[in-house]
Each structure stands twice: as structure tokens, then as C-alpha cells.
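Student: Please take me through the model one feature at a time, giving the general idea of each before the case at hand.

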Amino acid sequence: MANDFKSFSKSNIAIDSGTYSTIYTVPGTDTESILLEIDIANTHASNDVTVDVKVNKNSGGTGGTDDIFIVKAAPVPVGGALKAVSGQKIVLMSTATGQDTVTVACSAASSADCIVSVLEDV
């Protein structure tokens, strides 16, 4: 397999009412990806927002399935941005039992945009 750098984006991410916007899902079965960066911009005209970013570990393993917060209620000022992941690397997997996903939610509906950079097929 070839290593592929890819980016995935979502505008107007979901409001944090139990529903998260899925930004990335590891493709296929028995695939690994490396999460390189997550950037979130506040697009609201006049209010600060908070954002949550989760990795949903659906690939099983010793712990089964878990939803793991990368950031929880992280503040993003008006006109500002948040680097939720930058510099570190997070391994994401897919197996016969499921695929890991990256999800994001915002404190106000349609008030944030998100872009995720990954290295697939590692």
C-alpha cells in the first residue's frame, strides 16, 4: 500500500446536543491511518464558542469501543481558531469489528468549520 496524505473538512459543524459531525472515518478493513492535525475555526459573527473533538475507537482491541475526547469544551474566540491536534500523532485503525472515526461538535449551531489532515495506508 502507498502512504497517502489526505485532508477532510466540514463546514457548519453540529451543535453539541449529543450529535457530533463525523469529519473522518478510517477506510476499509485492516487499515491504519495517522491523525496529523485538526484545525477548527470559529465562524460565528459575534460570539465565542466551545468545541469538543472525539476519537471514536470502534476498531475493538483490548478495550473494545471507546469515545475518547481530544478536547472538551475548548474555547475558540470570535474570528479565532483552535489546533486540537498539532505536532503529535494519533493512530486510527479499522478492523473487522469497526472503523475509528474523528467527530467534532460546537456549542452553537453552524458556528465552526473543521479540517483534518491524515496519513492513510500506513
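Tutor: Asp121 has a relative accessible area of 19% and therefore counts as buried, given that buried means under 20% relative accessible area, exposed over 50%, and partly exposed in between, with a 1.4 Å probe and protein chains only. This is a predicted model, in which local features need pLDDT of at least 70 and side-chain atom pairs count only at pLDDT 80 or more, whereas totals for chains, interfaces and linings use all residues. Residues are numbered from 1 along each chain as its sequence is written, and side-chain values use heavy atoms, with hydrogens and water left out.

Student: Where in the chain is the place of Asp121, and what is its phi near?

Tutor: Asp121 sits in the segment after strand S9 (112-120), and its phi is near 60 degrees, a positive value in a residue other than glycine. Ala73 likewise is not a glycine and has a positive phi, of about 55 degrees, but its place is in strand S5 (residues 66-76), and with a relative accessible area of 43% Ala73 is partly exposed.

Student: How many helices and strands does the protein chain have?

Tutor: Such elements are DSSP runs numbered from the N terminus, with helices being H or I of at least four residues and strands being E of at least two. By that rule the protein chain has 0 helices and 9 strands, and its pattern along the sequence reads β-β-β-β-β-β-β-β-β.

Student: What share of the contacts in the protein chain between residues at least 6 apart joins residues at least 24 apart in sequence?

Tutor: A contact means heavy atoms within 4.5 Å, and among those between residues at least 6 apart in sequence, 80% join residues at least 24 apart. Residues up to four places away in sequence aside, Asp100 touches Tyr24, Thr25, Val26, Asn56, Lys57, Asn58, Ser59, Leu92 and Met93, while its C-alpha lies 9.5 Å from that of Ser33, 67 residues away in sequence.

Student: Which residues is Ile34 in contact with, leaving aside its neighbours within four places in sequence?

Tutor: Ile34, whose place is in strand S3, is in contact with Lys89, Ile90, Ser117, Val118, Leu119 and Val122 once those neighbours are set aside. Its C-alpha is separated by 18 Å from that of Thr65, 31 residues apart along the chain.

Student: Which loops hold Gly28 and Pro77?

Tutor: Gly28 is found between S2 and strand S3 (31-42), and Pro77 between S5 and strand S6 (81-95). Gly28 counts as partly exposed at 43% relative accessibility, and Pro77 is partly exposed with a relative accessible area of 43%. Beyond the neighbours within four places in sequence, Gly28 is in contact with Ser94 and Gln99, and Pro77 with Asn42 and Asp48. From C-alpha to C-alpha, Pro77 and Val49 are 6.5 Å apart in space and 28 residues apart in sequence, whereas Gly28 and Ser11, 17 residues apart along the chain, are separated by 25 Å.

Student: How many aromatic pairs does the structure hold?

Tutor: Rings of Phe, Tyr and Trp (its six-membered ring) pair if their centres lie within 6.5 Å, and planes under 30 degrees apart count as stacked, over 60 as edge-to-face and the rest as tilted. The structure holds 1 aromatic pair: the ring centres of Phe8 and Tyr24 are 4.9 Å apart and their planes stand at 50 degrees, so the pair is tilted. Because Phe8 lies in strand S1 (residues 4-10) and Tyr24 in strand S2 (residues 21-25), the pair ties together parts that are 16 residues apart in sequence. Phe8 counts as partly exposed at 27% relative accessibility, whereas Tyr24 is buried, with a relative accessible area of 1%.
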